[in-house]
Amino acid sequence: MVDPQFSESKNLLVENPLDSGGLYPDPGQLIVKDKVNLKILKKLVGQSILSVNQFDKELVLEICKLAALLEATEIAESHPLNGKIVITAFFEASTRTRLSFESAVLRLNGKIITIPDARQTGVAKGESLADIGEMFNAYGDLVVMRHTETDAVQKIMKNLRLPLINAGNGSGEHPTQALADWFAILKWKPELKKDKVKPENRIHLGILGTPGSMRAVNSFLRMSLLFKPGIRKISIISEMADPLGPELQETLEKSDLDFVITNDINVVLSDMDVIYMNSIAFLGDSYKTLDSRFKLDAGSNLKEDAVVLHPLARLDELDPALDGTHHNLYFTQAHGAVFIRQALFISVLNRFDRLPKKDVPLSN
Ligand code: CP
């Protein structure tokens, strides 16, 4: 664990708990002067978390600050989720999301019941999601659900009366991934949280993929718009003619941000500060044969201090040769997701009073 003295160091900690190379920015940088504002976080009490559209910048920042405190402080002994049962219902495969949600619960001393695979439920016999939602009401206190279908959230919400956290719905959204993404970015460059960012600190953000039909990049792009003052330019790297779709295209145009769409990462790579990679090979035939226009490896012309994000799992688009370099922010991004998810559980289940006051500076 990080020293809870919340050092003001601007750079990397000597001790890297990931022990796998790559960047490990100090979470203390997000909480040096500010207390966590409970009044803002209390807006989440009892709420479902379904879309990035629910968040404003202020709320994202408070979630990240609480996550940073949880990362920097050993709070397990205060057992914030004592007596709570979380249902993790994964109707689609997952490595990181299910296990990081479950790790978050268990490390806070809550309990989990889990569906790791749709085939282990009544779905295999034709049961509806609405009926499953009705059952969940009796079994736990909060549901985390991933599903292959975009409208699965609406279907289960028909009868579900517990808070639901959307862990990825088809080609829709992945809001807690976007929180984990921005948690990593803000730890790397805390000044991006400001409403006025010096021109030399503003970033060129690259996004590989099709935000209009890929949930992680959809949610990431929407959340990025909340941090507009820190963004100089957005480049979407996609082979699709219309990677945004009409609604996101309009949203981006209205934002007044400078953005371009290109089908070759190399055209923009040497100017980009943050590159959000994605497993586009999962998406249809046109990307099946990845070529160098959609790949990063040790020979890529990255800016000296550029960082790479990836929600993972990866395929050929991101060479493991980058894992041990200072461009690798993707392992920090994945590991930080545990603390983001802990912050969400504490907020939605209103367990702020269980946090140890001496370690966790909170303001009402
Ligand atoms: N980032 C992410 O959603 O990974 P998993 O599919 O492994 O959960």
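Predicted model: local features only at pLDDT ≥ 70, side-chain atom pairs only at ≥ 80, totals over all residues.
**Ser219**

I started at serine 219 and listed its contacts (heavy atoms within 4.5 Å), skipping neighbours within four places in sequence: Val52, Glu173, His174, Pro175 and Ala178. Serine 219 sits in helix α7, residues 215–224. For helices I take DSSP runs of H or I with at least four residues, for strands runs of E with at least two, both numbered from the N terminus. Is serine 219 buried or exposed? It is buried, at a relative accessible area of 0%. My cut-offs there: buried is under 20% relative accessible area, exposed is over 50%, and partly exposed is in between, with a 1.4 Å probe and protein chains only.

Residues are numbered from 1 along each chain as its sequence is written, and side-chain values use heavy atoms, with hydrogens and water left out.

**Ligand site**

His174, one of the contacts of serine 219, turned up again around the ligand. Which residues are around the ligand? I get Ser94, Thr95, Arg96, Thr97, Arg146, His174, Gln177, Pro311 and Leu312, where being near takes one heavy atom within 4 Å. By class, the shell has two nonpolar, five polar and two charged residues. In that scheme Ala, Val, Leu, Ile, Met, Phe, Trp, Tyr, Cys and Pro are nonpolar, Asp, Glu, Lys and Arg are charged, and the others, Gly among them, are polar.

The side chain of arginine 146 puts an N or O atom 2.9 Å from a ligand oxygen. Histidine 174 has a polar side-chain atom 3.0 Å from an oxygen of the ligand. On its own the ligand has 250 Å² of accessible area, and the protein covers 88% of that; the areas are Shrake-Rupley with a 1.4 Å probe.

Leucine 312 had something else for me: a cis peptide bond to alanine 313, omega about 10°. Alanine 313 is in the loop between β10 (307–309) and α10 (330–348).

Histidine 79 has phi of about 50°, in the loop between α2 and β2 (85–90), and is partly exposed at 31%. Aspartate 256 has phi near 65°, in the loop between α8 (245–255) and β8 (259–262), and is exposed at 70%.

How many residues of α6 are buried? 14 of the 14 are, so α6 is largely enclosed by the rest of the structure. Helix α6 covers residues 175–188, and its end C-alpha atoms are 20 Å apart, in agreement with the 20 Å it should span at 1.5 Å a residue. The expected span is 1.5 Å times one less than the number of residues.

Helix α2 (residues 57–72) reaches 22 Å from first C-alpha to last, close to the 22 Å expected. In α2, 15 of the 16 residues are buried, so this helix too is largely enclosed by the rest of the structure.

**Whole chain**

I count 10 helices and 11 strands in the protein chain. Of its 364 residues, 57% are buried. Taking contacts between residues at least 6 apart in sequence, 73% join residues at least 24 apart. The chain exposes about 15,300 Å², with 49% of it from carbon and sulfur atoms.

Terms used: Polar contact = N/O pair within 3.5 Å; in protein donor to acceptor, adjacent residues only side chain to side chain.
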